[in-house]
Every structure is written in structure tokens, then in C-alpha cells.
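Here are my notes for a colleague opening this entry for the first time. Please read them with the structure on screen.

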Amino acid sequence: MTIRGVTKRYGAAGRQVVALENVELDIIAGEFVCLLGPSGCGKSTLLNAIAGFSPPSAGTIEVGGVPVGGPGPDRGMVFQEYALFPWMTVAANVGFGLEIKGVPRAEIAVRVHRLLEQLHLAEFRARYPKDLSGGMRQRVAIARILALDSPILLMDEPFGALDALTRSNLQDELLRLWGEFRKTIVFVTHSIDEAIYLADRIVVLTYRPGTVKRIIQVALPRPREASSPEVSALRRELIALVMEEQTRFQRDESLMVRQD
Ligand code: ADP
């Protein structure tokens, strides 16, 4: 995936917010990339542009040499809030995308069954989302995207609303699935520890306008130990980078409050 000169402005002239400015980034197939930065630095905007939900104001995004012109089956998105259909069972939610694609029913049943097994959801197949915990729902959301077999997974703070233990379990699960399915993952987070635990590369964004501040290759073997000296050094480096942007964000917020 190549991202070239991507700029995104919101709002009418005069009251414009420049959410992204001249973002340049290459992502290799099979890579796990985390976009990291405080709130408001344009992480979701960049992910939505890659997804094709919201085109950039300037610049280009190409996936496999083809310009992104809108959403496509090559890119699956997982949101923070579980975008499941409440009136469908777990199995129906996972199979939904395949049904839309016109995959024969018998094949859907086989693929859904396999995915539910892989995500430890088999015994919950007949349940409805409201009867599941947050972590389970997010597993279903991941299974649903995996069912479509998109080579690229776009994940917008997918574990942000979960408690620490569930989050940590799902991080391990995601790494396992990533190893198994060999997807490219672009994962938005504002958690430094999450980025260190997951990523091959961490892209730190600046706050308004969002640009690439630093790209850090994380060459540490997995699973990464939070207490290891290498992880601690990396954490310190990232805290310093993110804090610089956080400070700019807070200055902006206090200005906005004063204007009100
Ligand atoms: P992040 O995901 O890093 O929190 P976002 O991409 O959500 O950042 O937002 C980047 C900036 O763009 C923020 O300043 C936000 O207020 C602004 N923004 C995002 N979406 C819109 C929108 N639809 N209209 C106007 N401004 C927006």
C-alpha cells in the first residue's frame, strides 16, 4: 500500500480543520502497522481514507497498485464499537458478508463453522450480540471480517472499549490470527503499550495537522515482555514523542474552552 501526499481538510473555508497534511507512508503486504498518537491527530481520518469511506482532499492511496476509489472487498474494517447486527445470531453475523457476495449456503456454513472454531466462538453460534460480553462481540466482529478474507484488515481502536484482561487476550488472539492468515493489518491505537505489543512498525502522528512524525521499526521477538529493557526503552522513546503532541492537543483544547 502506498500513501502519497495525503491531505484531508474538514469543514468549509474559513473554519477548516486540516486533519492530515502530506502524509507519506508505505505499508508492505503482511505487515502489522500501528498508527499511534493522541486524540485528534488524524488516525481515524487516515484509516477511513484507506478504507475508502472518506476520500482525501489531496494525495493518493494505492492498494496493490490500484488507486482507492471507495470501499472494497480487499479492505475489511473493524471498529471500536461492535458493528454487529443485533437481530442476527453470531453465526449469521459472521456469514452475512459471504451471503451478500453470493457464496453458496453450504460453503458459507463450512467457512463460518471453521472461523467460529478458530475464534473460540463455536458454542455461542446461536446467541445474539446482546447476550455476549464486549470481548466476545469484538471476536465476532473480527470473525466477520476474516470471513470475507480481505488481505488487508483496518482496525480502529478495536479493543479500546474492553477491560484490560479481555483486551490483552484479544491482542494475543489477533497476533495468532495474523500469523495464521498472513494479513496486512493497519491498527489505530492511542495506547503506547498496545502498539509496542503488536506492531512491526509504529507510525507516530503529529497533532493537527496530522503528519508522520516518526516511524519506529519494532524488531523485538514476540511475545514481547512489558518489563524487558528493550520494551522499556522503546516505551520511554514513544512516551516522549506522543507527549509532545499531547501537549499541543491540550493547548488547543484549553484555547477552545476559553473561546466558549
Ligand atoms: P484521531 O483518530 O487521531 O482521534 P480523527 O481522525 O478522528 O483523529 O480527527 C482528526 C481531526 O479532524 C480532529 O481535529 C477532528 O476534530 C477533526 N475531524 C474528524 N472528523 C471530522 C469531521 N467529520 N468533520 C470535521 N472535523 C473532523
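1. Start at the ligand. Its surroundings are Tyr10, Val17, Ala19, Pro38, Ser39, Gly40, Cys41, Gly42, Lys43, Ser44, Thr45 and Arg208. Keep in mind throughout that this is a predicted model.

2. Which element gives the largest share of the shell around the ligand? Helix H1 does, with three residues. H1 spans 43–51, and strand S2 spans 17–26; each of the two supplies at least two residues of the shell.

3. For Ser44 the distance from a polar backbone atom to a ligand oxygen is 2.8 Å. For Cys41 it is 3.1 Å, again from a polar backbone atom to an oxygen of the ligand. On its own the ligand has 560 Å² of accessible area, and the protein covers 63% of that.

4. Turn to the sheet. It is open and has six strands, ordered S6-S7-S8-S3-S9-S10, with mixed pairing. Strand S6 (75–78) and strand S10 (212–217) are the edges, and each pairs on one side only. From one strand to the next, the twist averages 15°.

5. Strand S7 (residues 152–156) runs parallel to strand S8 (residues 184–189), and five bridges join them. Within this pair, Leu154 faces Val186 of S8.

6. Two helices are worth checking against the sheet. Helix H5 (residues 164–181) packs on it and touches S7, S8 and strand S3 (32–36). The direction of H5 makes about 160° with that of S8. Helix H4 (residues 134–147) lies across S6 and S7. Relative to S6, H4 runs at about 175°.

7. Is Lys183 buried or exposed? Find it in the loop between H5 and S8. Its relative accessibility is 4%; the cut-off for buried is under 20%, so Lys183 counts as buried. A polar atom of its side chain lies 2.9 Å from the backbone oxygen of Ser150. Beyond its neighbours within four places in sequence, Lys183 has contacts that include Asp149, Ser150, Pro151 and Leu153. Gly30, Glu31, Leu146 and Trp178 are also among the residues that Lys183 touches.

8. Next, helix H2. Its buried residues are Val90, Ala91, Asn93, Val94, Gly95, Gly97 and Leu98. They pack against H4 and helix H3 (105–118). Just after H2 comes Gly102, where phi is positive, at about 80°.

9. Phe96 also sits in H2, which covers residues 90–100.

10. A last check on distance. How far apart in space are Phe96 and Ala58? From C-alpha to C-alpha they are 34 Å apart, with a separation of 38 residues in sequence.

Note on methods
Residues are numbered from 1 along each chain as its sequence is written. This is a predicted model: local features need pLDDT of at least 70, side-chain atom pairs count only at pLDDT 80 or more; totals for chains, interfaces and linings use all residues. Side-chain values use heavy atoms; hydrogens and water are left out. Two strands pair if DSSP finds at least two bridges between them. Helices (H or I, at least four residues) and strands (E, at least two) are DSSP runs, numbered from the N terminus. Axes are lines fitted to C-alpha atoms, for helices over the stretch in contact, and angles run from 0 to 180 degrees between N-to-C directions. Contact means heavy atoms within 4.5 Å. A residue is near a molecule or strand if one of its heavy atoms lies within 4 Å of it. A polar contact is a pair of N or O atoms within 3.5 Å; within protein, one must be able to donate a hydrogen and the other to accept it, and residues adjacent in sequence count only if both atoms are side-chain atoms. Accessible areas come from the Shrake-Rupley method with a 1.4 Å probe; for residues, only the protein chains shown count as cover. Buried means under 20% relative accessible area, exposed over 50%, partly exposed in between (1.4 Å probe, protein chains only).
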